[in-house]
Amino acid sequence: MPTRTGRTAAAGVTPHLAERDIAGMLFTADMYGVQLDQLAGVLGVGEPRARAITAGWRRARYAESARIGPGPAWVWLTRPGLAACGLRFPATPPALSRLAHLRAVTSVRLALEATASYRAAGAFWRSERRLRARMGGRVGLPDHLPDAEIHWPDGAPVGWAGECWAVEAELTRKTLARTAAIMREILTRTGDYGCPAAQAREPGRPPRHARVLYLCSPAARPVVTRARAQVGALAERVEIRDLPPGAALPGGAR
Amino acid sequence: MIRRYLGLAVLLTGLRLLGRLILLLAGLAAVLAAAPVSMVAVAALVAAWLAGWPPARLYRAALWCLPMVAVWLAATAAAARSWPRVAAAPYLAWLAMWHQAAAGSVALAAVTIAPVAVPLGLVAGGLAWSRRIYAMQTGAGGLSLTAPVAFDRRQWRHQVRAARARIAAPGAVPLLSRRGAVVAGAVIRTVGHRSPALAALPYQRLRSHQVVIGTTGTGKTTLLLRLWAGFLARGLQRHAAGEGQRPLLVVLDCKGGADSRRVADRARRVLREAGARSTAIWPDEATLSLWALPPQQLTTTLVDMIEHGSGGAAYYTDVMEAVVALAVGAPAGPPASTAEFLARLDAGWLTAAYAAGRAGDAALLRSAAGHIGDIALRFRTLFRRLGGGLDGPGGFGDADVWYCILEGTSEIAVAEAQARALVDLLASFAAHGRGQDRDILLAVDEFSAVSRRLPIWQLYERARSLGLAVQVSAQSWPGLAAREDERYRIASTADGGIWLLRTPHPEPVTGLAGSRPVADTSRRLRRVPVWSRQGMSRMRLAPVADPALIRSLGVGQAAYIYRGGVTFVQVKRLIAAPAAVTGARAADRTPGAARPAAAMAGQPAGRGAGDGPARPPDAGPLLDEAFGGEHG
């Protein structure tokens, strides 16, 4: 916990952070920003306690929080907070237009992390923010970034150990052609994000993503299902599921 | 005079008000005097409102209190040894309750009066709730004109919430009830049916024809899996107890593609949990032999598998049938494989085969000789597209479940031919083979893909005598059959009931559920919100299954229409076993010559070199745990 003595990072004193604080801040940094109810789930505490913890972060100037959308307050890390986590992401508050999407992706991560297999395998969630950071100044290229990658370590006690999955949270309907094109793009990509363009799709190399996991809202699901039917044999590597409960912004705003 | 008249009017009004006040005070006094009963009644009323319970549930709860009352009276009798004291026990308990409450012992007071107050309060709450529902249903209650509509919507929401809570509770919805009925899920609401907490179907209902209609993403596959698992589990129980024959489930999934294969894998895992020893997935892992059909049936099936026209084309159909009959009925015996059959479609072979035969056959052969080459070409094309799935070995008797995947989306003509062949094989198995010793359920999913050339209503009508139940599912009413009369024929012979999930045009099916008399009350509005006491009621007929409600059903909700009533059900998803069986292992276990899917013509092409790695290991259990299963 940050100290309650008023000595803060800004004052040149590193506040004491517990393990739980570090995990929560890393999670928050990965996801751009997190709503308080979801952060409470990450920290394993109730919402009032999560509010108190984030108040500590705020006092240390590691985080900001505000009610920028429907439902509980959003928390995001400031530049000192990101620096404390060793992450070189641009320190910006979550974009208002992406709040619903960010919440959905966070709920997907929480649902997966709650499973026994995920914990047993020690899988790694590589967030879109990390992927985007790896793209560096090349953001703007036509590459589609998935909402996350999940890396399953070799030797993990699951049948898909060593695989890398792409995760896509779909809240709204895109066109069928666009959805199918994204599916193909993800499933045929061979290189990491940020690699030279020539390596992005190298013939003869195994694909980067063993499968893509689509988590859909009821509105988006039919298009995604139809898109899967259009991608031929690649469809075997497309998993479609519903977004977990609580993925929508409270009040249904999207 | 006027003054006297006005005085009288004022006096009458005053007396009326006074009377009402006295009544109100008397009512309040009664409520206060019977405070424990009033409190239980209010609590019961609120609980029933929140959970959308029918009043009968409160009455049943009151009945369940009777043992408590009996024990209490027995204890009183044993202590007092005087019948008058037992008769006066409720009154004495009431008096004691007030004294204890006045002394500050509220808990003791509650315990003292509970044997009397709880059942009476439940009955009072039930009566009040019943009265409220009646007033709303007849349109006689509520402050505003739309109050009954709002009340109904709110109650629906409450009932859905209660049903969802019930299916979410671990172990609350078993696959089979204690009496062996198949439990589909939690009851949301009933009209014309009893209103238990769980929707349970007797096994015999699944041994009758059923129809399932619902669009994509409404939970149709989840419902079907549950019904199939229930059929198998109960059938195996009965078989083990010597009460029935071993069940056999045959599923024709007419959608095809990767999605069907995913459902097949899930079905295999779910049905294994239900007791199925082996699930054969056709044609990917197991095969059937078309050539096992009796010769006459084989001729008919082969001819029907080829699409042919009417009018002038009927001539060629007759020629084809004659040639096929000759090839199948040759003196050497019926063909045993596709290759053998195709080899027989040759003028030279047939001439040699019938050289010593009857004169009529030779004459027929001579007149048809010019067409034999064309007929052979058509069959060669058909069997190339069909692949080897029907070329054996294997039969329906070799497994507990056959999951047959037909490529109805990409290859409609092939799927139609396959469906025709499979249904004929099954009918023959049921009529002549070991199927006579099996309870067979044929489930045809996405029937619209093959409905054009699979007159399933014919099977419906003769299936009963074969011991074969047919369950047809489609995305919509038009998907049930090509013609309206065939649709009605299928729906009206579904004596096991009709399942309706969300569908945009439920009217034809809801019409089959019939109508029921309801009271319509009109009231006169004096001024908002004061209603006059005058009004008029009349009886009218309303549909038993409300089409608007069915249009708005959520995912996993279904309306079960049976014998003029409807039960709305929140279907409980079956979670599959974690370990999926890999293709190679399944091939070892399942009957028929198992071959890789890619080796079968007519099936989706196998993965190309550039398409990526081999089929990834099944992560279904993880995803099911995190996000729930895939919807049908």
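Visitor: Why does Asp192(A) count as buried?

Guide: Its relative accessibility is 18%. Buried means under 20% relative accessible area, exposed over 50%, and partly exposed in between, with a 1.4 Å probe and protein chains only; Asp192(A) at 18% therefore counts as buried. This is a predicted model, in which local features need pLDDT of at least 70 and side-chain atom pairs count only at pLDDT 80 or more, while totals for chains, interfaces and linings use all residues. Residues are numbered from 1 along each chain as its sequence is written, chains are lettered from A and ligands numbered from 1 in the order in which they are written, and side-chain values use heavy atoms, without hydrogens and water.

Visitor: What makes the pair Asp192(A) and Arg126(A) a salt bridge?

Guide: Their side chains meet at 2.9 Å, N to O. The term requires a side-chain nitrogen of Lys or Arg within 4 Å of a carboxyl oxygen of Asp or Glu, so this pair qualifies. Asp192(A) lies in the loop between helix H8 (176–188) and helix H9 (197–200) of chain A, and Arg126(A) in strand S4 (residues 124–127), so the pair ties together parts 66 residues apart in sequence. Helices (H or I, at least four residues) and strands (E, at least two) are DSSP runs, numbered from the N terminus. Arg126(A), at 12% relative accessibility, is buried.

Visitor: What does the salt bridge between Asp30(A) and Arg130(A) tie together?

Guide: These side chains meet at 2.7 Å, N to O. Asp30(A) belongs to helix H1 (residues 19–30) of chain A and Arg130(A) to helix H7 (residues 128–135), so parts that are 100 residues apart in sequence are tied together. Asp30(A) is buried, with a relative accessible area of 5%, whereas Arg130(A) is partly exposed at 24%.

Visitor: How do you know whether Asp152(B) is buried or partly exposed?

Guide: The relative accessible area of Asp152(B) is 36%, so this residue is partly exposed. Arg189(B), at 15% relative accessibility, is buried. The two side chains form a salt bridge (3.1 Å, N to O). It links distant parts of the chain, with Arg189(B) in strand S1 (residues 182–191) of chain B and Asp152(B) in helix H8 (residues 147–168), 37 residues apart. Elsewhere, salt bridges that share partners join Glu163(A), Arg211(A), Glu239(A), Arg241(A), Arg262(B) and Asp624(B) into one network. Over all chains, 44 salt bridges are found.

Visitor: What makes the pairing of Glu168(A) with His144(A) a polar contact?

Guide: The two side chains are 2.6 Å apart. A polar contact is a pair of N or O atoms within 3.5 Å; within protein, one must be able to donate a hydrogen and the other to accept it, and residues adjacent in sequence count only if both atoms are side-chain atoms. The value of 2.6 Å therefore falls within the limit.
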